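Reader: I am new to this structure. Please show me how to read its features.

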Amino acid sequence: MTTAILIIAPLLFALAALIAPVMIRNILTILFVIALSALSLGNVFSFNTSFAFPLPNSFHELFILLDTLLLLYFLWRGIVAKNALVMLFALVQIVLYAVVVYLSPAVVSSDIFADHISSVMYLVINIVGGMIIVYALKYIESEELSRFKKNGFIAILFFFLSVMNFIVSTNNIEIFFLLFELTTLCSYLLIGYRGDELSVKNALQALWMNQIGGVAILLALVFSILEYNTLYFDVLLANIDEIYLLPVVFLAIAAFVKGASIPFDKWLIGAMVAPTPVSAILHSATMVKIAPYLMLKIFPAMSGFLSLGVTLFGTFVFFTATLLALGKDYFKEILGYSTIALLGLMMSLAAIGTPEAVTACLILIMFHAVSKALLFLQAGVLEKSFGLKYVDDIDGLVERSPLTVLFIIVGFASLTLPPFGVFIGKFMAIESISKEIINNPFYTFALIFLALGSTLLTLLYFKVVAKLFAKDVDVKPLHVKISKFYTVPSFLLLALLFVGIYMIFLSHFLSSLEFVVPLVLIVFVPILFATLLFKNAHRVKEYNCGEKDESKLGMYYFYLSDALKKGINTAAALSLLVLIAGVLL
């Protein structure tokens, strides 16, 4: 019942938001988000969070119709935009989908299946996503769009929530494909929402890249039907044979595409041209979270080479995406690469599949969602209230908006430092991968990627935070009043982070020593260095007459040549081909 409400109610509210006057729309949105959040919380604490049931045949016929119309729409968009890749992948999808429908086996199972992982995803989707929608109510009003388009923007966000609630509740891979492509449709519409040339171009790029994921799911379906005679996750996983893992490897590739793993990262980075609430909801509560969720769905079928291959690839993405982020100056782009990196780590943990690794993956999913939403909301505040988009321009922000700086600092700290959830997840990831080295020494490479990526990610966050405190003497502090539509969701996300700390302490994921030692090292080692190395430093140069120089903090960027970037993309693409070849041989 709860699942049905979480799927249907946002859909109906999306229609209401489309036609309601602004004030009524805003009031109803806030009330509706509160209701959705309460429902998601209630579902977690209820005694019966797992259930399964089939849908009537009429639903299946409706889904086939919707799938067909959606794929034809993609084809039409490719023709109108004269985009060969969109047209090509739409045609491939249409052919493969026709094969799937033609081959559809008679064996059926439960179309709807929700368990504790679904319940966790409901929390992320509805609470974090709901706060972003409340934030979007103010943000979209500052855009130069028609009233209908502004209402349409809110409506699509609610539609997105509905699709996400459905996708984490289905056991039918064919329905999963429809919902997977509906998220592609939502992202395509939202990325291109401003309608300018760059937005449209990047929306089309996101469309064809995500269509590759759709093709991968259809290939998984075809091979699943041919070998295992099923369209359902549970039947596939129950009968999977280690000798024939093609359906699983194609589902894993679909997850990597949706998670914007290198070499598919360009669609998510290009999505930064969209209004900031879109970036926030894509990164935290909706689309990209399908990637680790799908990996969690299929991990029981992974072992041996496939588990190792996915783990190595995920940690490779974690390391290289962080490396790419070090050379970026655009605030949202830094956040984007950081998301790609952490998604790679989440998928690696899911592929390992031990109880500890799965728990670490879920912790990362939840707390990354909250932290990244908080940071993206501040990116929107910087953009709308201060006209700032680049890290190099945020000198002295602490004097202009201490509150925004506080949110950014806590946001980055929550992705790096103890006792926040992401730190706990990373710590457990180190333990999980280390234990696998006993069984297979190749996991050592995953551990090295994880260590290097974590170090670079910490360096990246500290670099940005240091810039917030740099004082530019040429800039006079300008105090700007920030809307409550921006601050209230930020405070609520902040509260969630601290509630998370309390829950983590209750759960005893780590010992007190494991909290304290890293915290002492992180806080006191830099202070020690500063004290010993810079205690005699002063700002008077050798040939000055005693007057001090004005200092201005600059930024260091890690330069990555185009040849090296191509090398990373090639290595990533080859790794995926090796993954396919490995399960064939």
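Author: Start with burial: buried means under 20% relative accessible area, exposed over 50%, and partly exposed in between, with a 1.4 Å probe and protein chains only. This is a predicted model: local features need pLDDT of at least 70, side-chain atom pairs count only at pLDDT 80 or more, and totals for chains, interfaces and linings use all residues. Residues are numbered from 1 along each chain as its sequence is written, and side-chain values use heavy atoms, without hydrogens and water.

Reader: Which residues of H12 are buried?

Author: They are Thr-276, Pro-277, Val-278, Ser-279, Ala-280, Ile-281, Leu-282, His-283 and Ser-284. That is nine of nine, so H12 is largely enclosed by the rest of the structure. Helices here are DSSP runs (H or I, at least four residues), numbered from the N terminus.

Reader: What covers the buried residues of H12?

Author: The cover includes H5, H6, H7, H11, H15 and H16.

Reader: How do I read a helix pair?

Author: Two packed helices are described by the angle between their axes and the distance between the axes. Axes are lines fitted to C-alpha atoms over the stretch in contact, and angles run from 0 to 180 degrees between N-to-C directions. H12 (276–284) and H16 (355–386) pack at about 170°, with axes 9 Å apart. That makes H12 roughly antiparallel to H16 (over 145 degrees). Contact means heavy atoms within 4.5 Å. Among the residues making this contact are Ala-280 and His-283 of H12 and Phe-376 and Leu-377 of H16.

Notes
Helix = DSSP H or I, 4+ residues; strand = E, 2+ residues; numbered from the N terminus. Parallel < 35°, antiparallel > 145°, perpendicular 65-115°, else oblique.
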